[in-house]
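Keep the picture open while you read.

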Amino acid sequence: MWDYTDKVLDLFYNPKNQGTIVDTNEPGIAVVFGEVGSIACGDALRLHLKIDITSDKILDARFQTFGCTSAIASSSALTELIKDLTLDEALKITNQEIADYLGGLPEAKMHCSVMGQEALEAAIYNYRGIKVEQHEEDEGTLICTCFSVSENKIRRVAIENNLTTAEQVTSYVKAGGGCSACLAAIEDILTAVQQETTATSKRLATEIAMAQEKALDRDRTVKPLTTVQKITLIQRVLEEVRPLLLADGGDVELYDVDGNTVKVLLKGACGSCSSSTATLKSAIEARLQEQVLPTLVVEAVEAI
Amino acid sequence: MLPYLQEYYGNPSSMHTFGGQVSKAIRNARLQIATLIGAEETELIFTSCGTEGNNTAIRAAIAAQPNRKHIITTQVEHACVLNVCKQLEKQGYTVTYLSVDSQGQIDLLELEAALTGNTALVSTMYANNETGVILPVEKIGALAKAYDAIYHVDAVQAVGKLPLNLQSSQIDLLTLSGHKLHAPKGIGALYVRRGFCFRPFLLGGHQERGRRAGTENVAGIIGLGAAAELAQQHFGKITQQTQLRDRLEQGLLSTIPDCQVNGDRTKRLPNTTNIGFKYIEGEAILFSLNQYGICASSGSACTSGSLEPSHVLRAMGLPYTILHGSIRFSLSRYTTLREIDRVLELMPAIVERLRALSPFNTDQADWLQDREEAIIVGSK
Ligand code: FES
């Protein structure tokens with residue numbers, strides 16, 4: 001027996017927005033529907049939308065579902081989530097949001113939430129006159145013939161839901177849940193996706209770091225720092241250094257900033273040893289020069 | 001069973017009195033089971049379940065005929081037979097999976113055509129776990145013997161419901177499982193015809209005369225023995241079960257449109273009915289029934305997590321409209337008339353509600369037709 005949340009069971013026993021929407025040719029109103037799934041695969045969803053043409057808003061949403069408990073509950077959840085949204089807003093709804101609305105779904109049933117998101121897309125594409133075949137997802141190699149799932153679809157769902165195992169892919173899009181001949185191919189796609197995402201995140205991280213650096217440089221060169229800005233930055237660097245000093249029984253405090261001279265008070269263990277004072281001073285100086293202004297000099301002052 | 005979990009806790013393999021008491025009780029259980037299936041006590045090996053029995057039987061059979069590399073089974077076997085066969089295919093065996101007709105019955109001519117001097121084993125069910133359809137085991141056995149092939153029968157569903165006399169049969173190996181006849185779960189037995197050159201699956205101590213090592217599940221064995229004796233006593237009452245089953249079936253068929261019984265209605269277990277409700281999905285029916293404390297099942301419990309519709313119903317060539325909405329009702333000797341009438345009272349509304357939710361509520365649904373045809377063409 002599946003371990004469904006109370007919300008799932010409630011929406012299964014008392015579904016909301018079931019049925020169809022009849023087009024009454026009202027001016028300014030469009031009625032469309034989108035379908036996904038098939039009886040062969042054992043679940044199918046037909047989503048009906050009533051759209052206000054001028055505002056692009058979903059006025060009403062109804063569903064017909066052939067499927068299990070969680071497919072019926074997911075369809076209810078979907079219709080509740082999208083009412084009153086504009087079509088663009090609705091397109092941003094993810095399958096995870098459908099699952100969240102239900103208080104979660106057993107992982108093996110996540111494909112019900114995916115089906116909801118796809119039916120929504122199908123309905124909106126229908127309305128906008130984009131043929132489903134033109135939708136890039138349906139192009140690309142067919143990976144799972146048992147459930148007609150393409151490579152693009154596996155990629156999208158894996159990326160959107162952070163899937164790392166073929167088993168998860170089966171739970172989300174059914175691919176691999178039949179003869180299992182496609183499992184190896186699914187694994188390959190997952191490895192490729194993972195490599196790409198690590199590569200992308202590395203690249204992004206470097207790009208962001210470079211952009212930040214540039215922005216800093218620009219700030220430094222374009223506009224000279226005001227005294228307040230300079231002091232705030234110096235304080236920030238000193239705060240970064242303090243935990244290290246504290247760990248060794250010392251501490252540092254900003255005493256004054258006079259032009260490009262930063263006067264600091266070295267305390268505890270840091271203040272007592274002359275050679276360490278010199279090292280410390282230069283260590284702090286280097287950081288300040290790097291992160292605030294290259295012309296800064298640090299001076300240690302005696303505590304009064 | 002309780003005393004064997006409390007006072008008589010001895011290990012039957014121990015030499016002391018404690019052990020002695022227990023081993024005596026096991027002997028008695030063995031006799032009770034042997035009597036039920038018409039076998040000798042020494043022809044029984046206790047196992048942990050039907051799966052262990054089937055795995056052991058298949059492996060023992062091919063080990064006994066190392067020069068033969070062909071196996072015959074059916075498309076509608078339990079996963080614990082099919083998956084072993086699939087694995088053996090990878091190890092160089094050829095496996096013929098006999099087809100079934102729309103009634104779930106095999107064709108003996110197809111079997112005969114498949115048999116060769118290279119056939120090591122024929123393994124078939126006695127009665128199917130999903131539809132209850134009974135296969136002609138004696139005829140199958142005779143054909144297998146004509147080619148000196150070993151005949152194994154998975155009788156998990158049939159033992160206790162159909163009379164058996166293995167002494168005078170063509171069956172070499174036969175599997176049974178406790179919980180199918182009111183014994184606890186986690187106990188089963190394998191019948192091995194006397195004189196069969198048996199190679200054990202589990203190696204270790206000398207339990208079960210060296211044929212299945214491992215400490216006995218004493219309480220389970222005692223339970224299985226008692227259940228076998230009770231089953232024997234209740235054979236006479238089976239007609240009552242059949243009458244209740246038929247009442248359920250006829251009631252459903254007459255009050256709910258677009259439903260049908262799957263499988264042969266005459267050659268069938270007395271307690272099983274598999275009914276397909278068009279246009280709706282099985283799990284949704286099960287959850288609806290569960291709300292009222294009624295437990296039925298879709299497919300086999302061992303494959304209920306699978307996404308594919310039942311392999312048994314698919315092998316019978318049922319259309320998808322029925323395939324996904326098929327439910328198995330199993331009765332026991334404790335099922336009452338009241339319970340049956342309660343199901344009959346509830347089912348029409350459950351089916352109607354789910355059909356109202358479904359986009360496929362008639363065969364005329366164009367969407368349904370397009371898709372079903374597309375898939376059938378695509379899958380060929
Ligand atoms: S091809 Fe994917 S499960 Fe069969």
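A salt bridge is a side-chain nitrogen of Lys or Arg within 4 Å of a carboxyl oxygen of Asp or Glu. With that in hand, look at B:E283 and A:K109: their side chains meet in a salt bridge, at 2.5 Å from N to O. Keep in mind that this is a predicted model.

**Where chain A meets chain B**

- Chain A puts 34 residues into the contact, and chain B puts in 28 residues.
- The size of an interface is often given as the accessible area lost when the parts come together.
- Here the area buried between chain A and chain B is about 2,700 Å², and carbon and sulfur atoms give 65% of that.
- On the chain A side, the residues that lose the most area to chain B are A:Y13, A:I39 and A:F66, which together make up 25% of what that side buries.

**Polar links across the interface**

- The count between chain A and chain B is 1 salt bridge.
- There are also 9 residue pairs in polar contact between the two chains, counting pairs with both residues at pLDDT 80 or more.
- Which parts of chain A touch chain B? At least two residues each come from α1, β1 (29–38), β2 (43–52), β3 (57–66) and α2 (69–82).
- Sorted by class, that side of chain A has 18 nonpolar, 12 polar and 4 charged residues.

**A helix pair across the chains**

- Helix α1 (residues 6–13) of chain A packs against helix α8 (residues 282–290) of chain B at an angle of about 100°, with the axes 11 Å apart.
- Angles of 65 to 115 degrees count as roughly perpendicular, so α1(A) is roughly perpendicular to α8(B).
- From α1(A), the contact uses A:L9, A:F12 and A:Y13, while α8(B) brings B:A284, B:F287 and B:S288.
- Those contact residues split into 5 nonpolar, 1 polar and no charged.

**A helix pair inside chain A**

- In chain A, helix α6 (residues 151–161) and helix α7 (residues 166–173) have axes that come within 10 Å and cross at roughly 105°.
- Helix α6(A) makes the contact with A:K153, A:I154, A:V157 and A:N161, and α7(A) with A:V169, A:Y172 and A:V173.
- By class, you get 5 nonpolar, 1 polar and 1 charged residue in this contact.

**Salt bridges overall**

- Over all chains, the structure holds 29 salt bridges.
- One more to find is between A:K153 and A:E118, with the closest N and O atoms 2.9 Å apart.
- This pair links distant parts of the chain: A:K153 sits in helix α6 of chain A and A:E118 in helix α5 (residues 110–128) of chain A, 35 residues apart.

Methods:
Residues numbered from 1 in each chain as written. Chains lettered and ligands numbered in written order. Predicted model: local features only at pLDDT ≥ 70, side-chain atom pairs only at ≥ 80, totals over all residues. Heavy atoms only, no water. Axes fitted to C-alpha atoms, helices over the stretch in contact; angles between N-to-C directions. Helix = DSSP H or I, 4+ residues; strand = E, 2+ residues; numbered from the N terminus. Parallel < 35°, antiparallel > 145°, perpendicular 65-115°, else oblique. Contact = heavy atoms within 4.5 Å. Nonpolar A, V, L, I, M, F, W, Y, C, P; charged D, E, K, R; others polar. Buried area = accessible area lost by both parts, 1.4 Å probe. Polar contact = N/O pair within 3.5 Å; in protein donor to acceptor, adjacent residues only side chain to side chain.
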